[in-house]
Amino acid sequence: MGQRRMGIDLGGTKIAAGIVNENLQIEADMQVPTGLPREPEDLADEIFRLAFKLLESRNLSMTDLGSVGIGIPGTVNQERESVEYANNFGFDDVPFVRMLRERFPCPVYAENDAKAAAWAEYLTGSGRGSTSMVAVTLGTGVGGGIILDGKILNGINSAAGELGHMVIRKNGRRCTCGRRGCLEAYASALALVRAAKRAVKSEKSPDSLLNQLCAGKPETINGKMIFEAVREKDVLAGAVLNRYLDDLAEGIANIINIIQPEVVCIGGGLSGAGEDLLLPLRKRVEPMIYSRSSEKNARLVTAELGNAAGIIGAAELYRL
Ligand SMILES: [Zn+2]
C-alpha cells in the first residue's frame with residue numbers, strides 16, 4: 001500500500017479536503033462551509049476536524065498520512081509559517097501554518113492556492129512531462145503560478161507569480177491591488193462577464209442572441225452564455241469576446257516573452273470553453289512572441305484537472 005497524502009483547498013466559501021493516493025488521484029473527499037468571518041484558531045480547528053472526519057469515513061487514521069498540504073488564498077510566508085495577506089479572511093500576518101502544524105501529527109505544507117493548483121497541473125495535468133509551466137487562472141481575479149525546473153517560483157517574499165497584477169494599460173482601470181490597468185481588471189472571468197452585461201444593457205437592438213439567452217435579464221449572464229452566443233455568430237457577444245481576448249493575449253504574450261515556459265496552462269471557469277477560447281487566443285498571442293522564428297514555442301493549453309487541482313496540488317506540496 002502506497003503512502004496517502006491529504007490535500008486541503010481552503011476557499012472563501014468552502015473548505016475541501018481530499019485523500020490523494022500515490023497515483024495522484026483523489027480517493028475520497030469531503031467539504032464544509034468556511035463560515036467566514038472566523039478567527040484563525042477556530043478555522044484551524046475546523047480544518048483539523050474535517051481532516052479527521054474524512055479519514056474516519058475511510059476507516060483511516062492520522063498515522064496513515066505521509067503529510068498534509070493546504071492551499072490558501074493569500075500570500076504564504078514559508079519561513080515565518082504565516083499567511084501575510086489573505087483578503088477574504090482578514091488575515092494580516094497570521095501564523096496560520098504554525099497553528100495547523102500544532103494540530104496535525106504529520107508534516108504540514110502550505111502554499112498559495114493558485115500556486116498549489118498550478119503544481120497539480122504541472123505534475124499530473126496539462127503540464128505533465130514539461131520542465132517549465134505557467135498557469136493563469138481566470139476567475140474572480142487572475143491568479144498565477146510559475147513553475148521552473150520543478151520548483152514553484154516564490155521570490156524573496158513568497159509573492160512572486162502574481163500575474164494578474166502586471167499592468168497592461170497605464171492609467172487604465174482601477175484594480176483591487178490599488179494600481180491601475182492590471183491584467184486582472186481586464187482579463188478575469190469577472191471582467192468578461194461584466195463587459196457582456198454592460199454591452200447587453202446598452203444595446204439598442206434587443207435581438208442580440210446574448211439578450212435572448214439571458215431572457216432579457218443581463219444580470220444573469222455568465223461565461224457559458226457568452227461562448228454559446230459567439231458559437232452562434234452573435235455580433236454583440238463576438239465583439240465583447242474579441243476585446244477581452246485582445247487584453248488577455250497582451251498578458252499571455254508578456255508572460256511568454258519573459259519566462260519562455262514550455263506550457264502555458266489556462267485554468268478557471270472559462271477554460272471549460274476549450275478550443276473556443278484557445279484558438280482565437282493563439283492567433284493573437286503568436287504574432288506577439290519575440291522568438292517567433294524558433295520552432296519551440298510555448299504550448300497554450302487549458303487546465304485538465306478542474307477543481308481537483310486544488311486538492312491534488314496541496315497534497316503534493318511535500319515534493320517541493
Ligand atoms: Zn492589480
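In which hand, left or right, does helix H8 pass helix H9?

## How H8 meets H9

This is a predicted model. In it, H8 passes H9 in a right-handed crossing. H8 covers residues 235–259, and H9 covers residues 275–285. Their axes lie 9 Å apart, and the packing angle is about 60°. That angle makes H8 oblique to H9.

## Residues at the contact

H8 brings Asn-242, Leu-245, Asp-246, Leu-248, Ala-249, Ile-252, Ala-253 and Ile-256 to the contact. H9 brings Leu-277, Pro-280, Leu-281, Arg-284 and Val-285. Sorted by class, the contact has 10 nonpolar residues, 1 polar residue and 2 charged residues.

## The largest nonpolar core

The largest nonpolar core has 47 residues. Which of them touch the most other members? They are Val-136, Leu-210, Tyr-244, Ile-252, Ile-266, Leu-281 and Val-285. Ile-252 of H8 also takes part in the contact with H9.

H8 gives the most, with 12 residues.

## Around Tyr-244

Now look at Tyr-244. Set aside its neighbours within four places in sequence. Tyr-244 is then in contact with Leu-138, Tyr-186, Ala-187, Ser-188, Ala-189, Leu-192 and Leu-270.

## A second core

There is also a second, separate core. It has 35 residues, among them Ile-19, Ile-47, Val-94 and Ala-110.

Definitions and conventions:
Residues numbered from 1 in each chain as written. Predicted model: local features only at pLDDT ≥ 70, side-chain atom pairs only at ≥ 80, totals over all residues. Heavy atoms only, no water. Axes fitted to C-alpha atoms, helices over the stretch in contact; angles between N-to-C directions. Helix = DSSP H or I, 4+ residues; strand = E, 2+ residues; numbered from the N terminus. Parallel < 35°, antiparallel > 145°, perpendicular 65-115°, else oblique. Left-handed = near helix turned anticlockwise from the far one by under 90°. Contact = heavy atoms within 4.5 Å. Nonpolar A, V, L, I, M, F, W, Y, C, P; charged D, E, K, R; others polar. Core = buried A, V, L, I, M, F, W, Y, C linked by side-chain atoms within 4.5 Å. Buried < 20%, exposed > 50% of the residue type's maximum accessible area, 1.4 Å probe, protein only.
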